[in-house]
Amino acid sequence: MYMFKYVVKRVLLMIVTLFIILSMCFIFVKLLPNIPTQQFGKDMALIAARREQLGYNKPLIEQYGIFITRTLLGGNWGVSETLYTGQDVMDKFIEKLPPTMMINLYSMFISVPLGILFGIYAALKKNKWQDHFISTAVMILVSVPSYVYAFLVQYILCFRLGWFPMLMDAGTNYFSWSMFKSMLPAVFSLAFGTIAGLTRFTRAELTEVLTSDYLLLARTKGLTKAQTTVRHALRNAMVPIFPMILGEFIGIISGSLIIESIFGVPGVGALYVNSINRLDYNFFMLLSAFYTAIGLVSGIVIDLSYGFIDPRIRMGSAK
């Protein structure tokens, strides 16, 4: 019962938060100037008719009502004005989603196992040179922005060594070897930060668990260090680690705004950046709603996962 009330409360708060953020984005967008219809040439009549339908000439409050009814209730986010003139915004968004999901999914397949393994190894070698080396490397990787990795990967692996193409291949054949190879520079750039974060988090949690009294008791009863680590320490350390991994997997469809732009990935991240640069307000509103919803859903799922991983944790209970 406590869990049900907690879920309902969080979902309602998520809806309210999404509504507030979209309202703020709508107001800020309306403060910006519209591109004159004369600049659209042959599409001028189409854009003018579309703006009339959306109530661009009406008071702001009426435009806001039309926007909420059309988008959140009707699922119609309009058509593109500058990026893909006259094309449906939602259809183009769905078309751009697969490459974003692919590079982020490949990145997670690389970074999650490596991050956990490095974290476990550093915890088992606590205060030894291996631990100091891994901790120093993690500190450097965490401190450096992801676009720096992107430039280094692009310069060393793509330009100097010539192992990979500079940009992702065009087309939709996402499972071909050529396409996979062209994705790897972006995948590596995304993976570095996740590996460092998971390594640091796993090392901190496992180190704390390994010094717990119940593990010392298990050792005195005759269990080896390997047995206590695998049977007890790892299971308890994964309680806070697994929700972090789950949140990373939920975020695979959110993409990376900068990485996608650097490597020419035709995904939603680059689409978001282009919508801002080209003042395509319909794309901007849809993608703002998308990124906000991903963040809110990720937070709820992470919180709920604690209760499923460890039955002793009950969200929403005061006891």
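This is a predicted model: local features need pLDDT of at least 70, side-chain atom pairs count only at pLDDT 80 or more; totals for chains, interfaces and linings use all residues.
The protein has 12 helices and 0 strands, and 42% of its 319 residues are buried.

**Overall picture**

- Reading from the N terminus, the elements go α-α-α-α-α-α-α-α-α-α-α-α, with 0 strands in the protein.
- Take the contacts in the protein with a separation of 6 or more: 70% of them come from residues 24 or more positions apart.

**Where α6 meets α7**

- Helix α6 covers residues 146–160 and helix α7 covers residues 177–210.
- Their axes sit 9 Å apart, and the packing angle is about 140°.
- Angles over 145 degrees would count as roughly antiparallel and 65 to 115 as roughly perpendicular, so α6 and α7 end up oblique to each other.
- The crossing of α6 past α7 is right-handed.
- On the α6 side, the residues in contact are Ser 146, Tyr 149, Ala 150, Val 153, Leu 157 and Cys 158; on the α7 side, they are Pro 185, Phe 188, Ser 189, Phe 192 and Gly 193.
- Sorted by type, the residues of this α6–α7 contact come out as 8 nonpolar, 3 polar and no charged.

**Aromatic pairs**

- A pair of aromatic rings is described by two things, the distance of the centres and the angle of the planes.
- There are 14 aromatic pairs in the structure.
- One of them is Phe 19 with Tyr 64, at 6.3 Å centre to centre with 70° between the planes, which makes the pair edge-to-face.
- This pair ties together distant parts of the chain: Phe 19 belongs to helix α1 (residues 2–30) and Tyr 64 to helix α3 (residues 60–73), 45 residues apart.
- How buried are these two partners? Phe 19 has 38% relative accessibility, so it counts as partly exposed, whereas Tyr 64, at 18%, counts as buried.
- Phe 290 and Tyr 291 make another edge-to-face pair, with 5.3 Å centre to centre and 65° between the planes.
- Phe 290 and Tyr 291 are both buried.

**Aromatic cluster**

- Phe 19 and Tyr 64 turn up again in one aromatic cluster, along with Phe 26, Phe 67 and Trp 77.

Note on methods: Residues are numbered from 1 along each chain as its sequence is written. Side-chain values use heavy atoms; hydrogens and water are left out. Axes are lines fitted to C-alpha atoms, for helices over the stretch in contact, and angles run from 0 to 180 degrees between N-to-C directions. Helices (H or I, at least four residues) and strands (E, at least two) are DSSP runs, numbered from the N terminus. Angles under 35 degrees count as roughly parallel, over 145 as roughly antiparallel, 65 to 115 as roughly perpendicular and the rest as oblique. A crossing is left-handed if the near helix is turned anticlockwise from the far one by less than a right angle, and right-handed if clockwise. Contact means heavy atoms within 4.5 Å. Ala, Val, Leu, Ile, Met, Phe, Trp, Tyr, Cys and Pro count as nonpolar, Asp, Glu, Lys and Arg as charged, and the others, Gly among them, as polar. Rings of Phe, Tyr and Trp (its six-membered ring) pair if their centres lie within 6.5 Å; planes under 30 degrees apart count as stacked, over 60 as edge-to-face and the rest as tilted. Buried means under 20% relative accessible area, exposed over 50%, partly exposed in between (1.4 Å probe, protein chains only).
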